[in-house]
Amino acid sequence: MSTPALATPDALRFLARASHLLSASLEPDTTLRTVARLCVPPLADWCAVDLADASGGLRRVATTHVDPAREELGLELHRRYPPEQDPAAGDPTYRVLRTGASELVPMITPDMLRQGARDAEHLALLRKLGLSSYIGVPLIARGRTIGVLTLIAAESGRHFGPPDLELAEELASRAALAVDNARLHRAEQEARTRAERAAAQGERLVRLSAALLAPLECDEIAELIVREAVRTLGADAAWIAWRHGDAIVRLAAEGYPDELLAQFERIPLSMPIPICEAARRGEPVLVESRADRRARFPASEAPSVRLNSGSLAALPLGVDGRTFGALALSFVAEHAIDAERRAFMLTLANQCAQALHRAQLLDAERTARGEAEREAAVRARTEERLRLAQQAARAGVWELVPSSGAGSWSPECYALHGVPAASGPATFEWFLSLVHPDDRARVTAAFAHAIESGGALRVQYRPAPPSLGLRWLEAIGRVHPALEGEPTRLAGITLDVTERRHAADALRESESRFRSVVESGMIGIGFWNGDHVTDANDALLALLGYTREDVDAGRLRQAVLTPPEYLDADRRAFEECRAHGACAPYEKELWRKDGRRVPVLAGGSLLEHGSVFFVLDLSARREAEAQLQASQRMEAVGRLAGGVAHEINNALQGVLGFSSFVIRALEPGDPRRNDVEEIEKAGTRAAAIAQQLLAFSRRQPREAAAHDVARVVTEFSPMLRQALGADKVLAVHVPREDVTVTIDRSQLEQVLLNLTLNARDALRSGGHLDIGVGRVEASAIRDPAEVAPGTYVLIEVRDEGIGMDAATLRHVFEPFFTTKPPGQGTGLGLSVVYGIVRQNGGHITVTSAPGAGTTFRLYFPADGDRSDTPATVRSESAGPPGGGERVLVVDDEATVVEVTARLLAAAGYRVLAAAGGAEALALLEQSRNEGAPVSLLVSDLLMPGIGGTELAKQAIAAQPALRVLYMSGHADARTLGRLAADDEAFLPKPFAPEALLRAVRDTLAAPATPPGR
């Protein structure tokens, strides 16, 4: 585009869109209708496209008007006053067609309308259309004007100028090229189809030639010919008549009803019908239509010979100028006999004549040997024609006598096997030596089966000589029974089928690969024509919830499938496809048929016609990401809860300790004593809450043992019924076999109780709560990525309550989250359940929906599948007060140190106190130097700097006989397990005075820690 008019952005966009639309179809009329729609309204108010026909006239292909109501007016004008071909008439459309030059009329004046009108009505129609300007542009392809593009301005009142003409000429040039390409494509397809049909017919002709070489009777040859005519030529009926005196006698027929065949048994030769005329005159007779037949052969309309044929051919059968019969072919369709079909008919008739004549000669030879020379001559001519046909079809003819193994080959047969002509005896054994060793057994079996059954032979094999490369041949033949004085023979042809086989193998492989991709359930695949999905695999239909009927009806459109916020992403992907042939995968959402959205990973590429797109369902990944985030959030909340519990326990240690000091100091009747006791009770309740937080954070000390979950649930069910309430129903379902897990029984009972109380608040009067126990494998658990392999015990708690929405489900296990009114719940029940389950290596899921109840599923590792079961923490036992032993108390919390020291001092111990590990080591060394070593180290586990276990390690290294008692309000399960495994003493905070004194006395009474441990 070199001229300024075509270089404008609007013109460039218009021509780009035109090129895209013109390339979308290979149908000429469709292409030109696209041009007409494209021009209105951007270029004109009215556009018409006419194509030149063979007679030089014009055929209106498309008409488009900016106003559909006035478009009918334009059509009426064209129907009543079509363009005049006469040059004197001055019709502009024919003038453009004839001259091949464009015409521009910037302004159509009333005088022009009067001059161009043929009569008053014509002028009225022209004025009604309101024509204001005109452009006529020729459609020129390869130097020949094939049509005219007409642009007219009317309603808009615009007047065309040179830029409009230039743009119209460029559009016409592209449209003419597209039409010419479409015609060339159609011509190429038709030529290819004719070539393929000719090749197939040639192959069948060769096979027929080979079959006709056999010594058949005349009626056998006739039957073979009529069958082949119907099968290969597509005739609806065929029959062969034998000339006998002044009549023709039916020899064979195919496709005619029985009642009509009875009339064809014998017909006078003088009867004016096509087959009689062909047999009488010795010339082909062709009838193109029913009207032609009625005009030329009225006798064929007689009831006795009436045919429903639209086209008919009667071909004489004769040899050497002597006509002895005729072949008639009937087609229901009119004008069905084209040049190609006519040529094949003549060849077929010639072969039929030769075969019939040969059959006559063979018959004459049996009755009179004097006809031998004539028969030989006929056979020689026939064989020469057969040889020429074999050369044309690249087919080799062979014959084998099974009784002797002897045979004969044509020169083409030798050439197909890669050996010189007549270089071998053509015996079956010699033939096998030319077959690939891997195929010999199969070829031998095929020949043996054909000979034994007396039927047909068809086998493919590879020739052995490597000089011609890897090729495939196909042997086709049939058994001819023994005639008088002659043995049974197997005759046939050999064809080179290498290209056909390779093409078939490649097609099968391609189809197999494509089918494996399309039929896989992993990826949804769809085909897009720019407007809607034209085809889709089962995976895409299942993903979107549509049926194949929806696809066939064109219901899968972009507006139905894609939410508006993803239209820009689709547009960018399509632009990328147009630029590079494919686009990079991108994430989006699609609407399902039921209105739900589904996240997908989408991608696509362009095809010759339309495009293909692929979608991968991301729902599972999005859900897994959400669950991972929830799990991480719960872990973070758990760590926070553990830290909070640690601080609370330290504070409560002071509350409980100092409360006990005050209570002991007050007389029983003192009113202040009651106040302090209430403070102690509040501290005890707060300590219980701290223990719940520790359970949630999986740091609560446990007394784990093997328990049969079914038995625990059964024994604890009366308590659960009491908690559920008399107006609700509890059903327990447990298996007969043991379902054992290692767990603290009190924790398991606490889980059951908390879930029961949660269900009680959700159930209405008369509602059911079901608790079931069973065993499952890890693979059957939802979110298996979070679950270690093995067997798990399942506890399922299902209620019929009000259920929870999605927002509530996201927070259901978070501490202090509750949907109850203020003062009616702490919000720790389900968080404690979560902590206990995770603390014991388990997994918990919850499903619920408003009005559909709630189901909790708890999975605990079954016994035998656990590798990190904590041992039981040392139990406490009561003991006498101290006997003056020296005890060192270490804690970074001053309140804890003071309370512990005072309790131990009051019990008779000599107490030293330290605020950290470094200070404690100094006091231990000082005591040893003074000759009064410390007997017991009471240390917090978690301290800044030197922690409790490191302090104990260094202290025991210096003083092996030292006993150690650890205490903590924030120890995880792994630490507690290690302490229990090493038989270390441990006291959880906050502790009662009696618990501290018993733990100290038990630790002092235990054997000394072995040196170096």
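Predicted model: local features only at pLDDT ≥ 70, side-chain atom pairs only at ≥ 80, totals over all residues.
View 1. Helix α8, spanning residues 218–233, is the largest contributor, supplying three residues. D219 is located in helix α8. The relative accessible area of D219 is 41%, so this residue is classed as partly exposed, the class that lies between the buried limit of 20% and the exposed limit of 50%.

**View 2. The contact between H122 and the backbone of R118.** H122 belongs to helix α6, which covers residues 120–129. A polar atom of the H122 side chain lies 2.9 Å from the backbone nitrogen of R118. With a relative accessibility of 6%, H122 is buried, because residues under 20% relative accessible area fall into that class.

**View 3. A nonpolar surface patch formed by I523, F614 and L616.** Together, I523, F614 and L616 present about 210 Å² of accessible area. F614 is part of strand β21, which runs through residues 611–617. The relative accessibility of F614 is 32%, and F614 is therefore counted as partly exposed. This value also meets the requirement for patch membership, since patches are built from residues with over 30% relative accessible area.

Key
Residues numbered from 1 in each chain as written. Heavy atoms only, no water. Helix = DSSP H or I, 4+ residues; strand = E, 2+ residues; numbered from the N terminus. Buried < 20%, exposed > 50% of the residue type's maximum accessible area, 1.4 Å probe, protein only. Polar contact = N/O pair within 3.5 Å; in protein donor to acceptor, adjacent residues only side chain to side chain. Patch = residues over 30% accessible without salt bridge, like charges linked within 9 Å, V, L, I, M, F, W, Y side chains within 5 Å. Areas by Shrake-Rupley, 256 points an atom, 1.4 Å probe, with all protein chains shown as cover. Salt bridge = Lys/Arg side-chain N within 4 Å of Asp/Glu carboxyl O.
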